[in-house]
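Me: Please take a close look at a single part of this structure and describe it in a connected way for a reader new to it.

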Amino acid sequence: MASPRGHRHRRANVLQRAAAAAALLLALSCCCSSADPWPPPPPPPKVPAVIVFGDSTVDTGNNNAIGTVLKSNFAPYGRDMAGGARPTGRFCNGRLPPDFVSEALGLPPLVPAYLDPAYGIQDFARGVCFASAGTGLDNKTAGVLSVIPLWKEVEHFREYKRRLRRHVGRGRARGIVSDALYVAERFLGEIHRLGARRVTFAGLSPMGCLPLERTLNALRGGCVDEYNQVARDYNAKLLAMLRRLQAARPGLRGWRTWRRAAARRGRWRCLTCATTRAPTRAPTPTSTSSGTPSTPPRR
């Protein structure tokens, strides 16, 4: 039979544990009451997806998956990526313009490359990049370094649409394709026929100041002014084309009005019609579709 002293000892232990539990609950309640238990949900994205075509200025890693020497999956590429230095296949020290545009629109901060095996259709439903570094309008340009020609980028887009229909259904897939923001650098007709409607017109950066060109031209001053002049000429012609489009509709005031009127006619909805004057030595800020200036990352 237990002694009275043993009963008192056990009772003291029980009381001590109860007091400790009560103190812990009080502390937790104080901590929880000082913070908002139901933080507001993030705002919905402004577009369902960002879809990218083009070359090395927007390639987020497709060349990693093809047989070409034109890759950027090694240091110092990616040295300034968030979370630590890592080369991702972007020809850049960090993120590329499509990544910044995607984040500004409320979508993921990185647009995945279509050929990257680390991503699947559930990721591509919110953003996908078909671009390939080294490609061009002429198929022979892509053949020089065995990269993806533009016609193949369009084929990948067709395949993407089929996969998207299987993933989210025909109706929702059609909405994603038509309402997505397209970063299409040089060709529009074919992707318009396939359902693209929201398209950005991008100017060229100062190509003569790319690291490769500065290295090859180091003995003559670094940047290649001749290549920068090509970028200036291209941007000037692009701006003239956009002004002609605006002049053809005298009743429209600015591109926002043009977007609304064009949407009613089932034509292009131009979210961003900005060009960049290419300087001789350093790139200038460009404007994203959110209207917020952003400086392109070092290349």
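Reply: Ser-72 is in contact (heavy atoms within 4.5 Å) with Asn-64, Tyr-77, Pro-87, Gly-89, Arg-90 and Phe-91, leaving aside its neighbours within four places in sequence. The model is predicted, with pLDDT of at least 70 needed for local features and 80 or more for side-chain atom pairs, while totals for chains, interfaces and linings use all residues. Residues are numbered from 1 along each chain as its sequence is written, and side-chain values use heavy atoms, with hydrogens and water left out.

Among the partners of Ser-72 is Arg-90, whose backbone oxygen is reached by the side chain of Ser-72 at 3.2 Å. Ser-72 lies in the loop between β1 (50-53) and α2 (97-104); helices (H or I, at least four residues) and strands (E, at least two) are DSSP runs, numbered from the N terminus. Because its relative accessibility is 0%, Ser-72 counts as buried, a term for residues under 20% relative accessible area, with exposed meaning over 50% and partly exposed in between (1.4 Å probe, protein chains only).

The wider setting of this residue can be given briefly. Of the 299 residues in the protein, 37% are buried. The secondary structure comes to ten helices and seven strands. Among contacts in the protein with a separation of 6 or more, 59% are between residues 24 or more positions apart.

Conventions
Polar contact = N/O pair within 3.5 Å; in protein donor to acceptor, adjacent residues only side chain to side chain.
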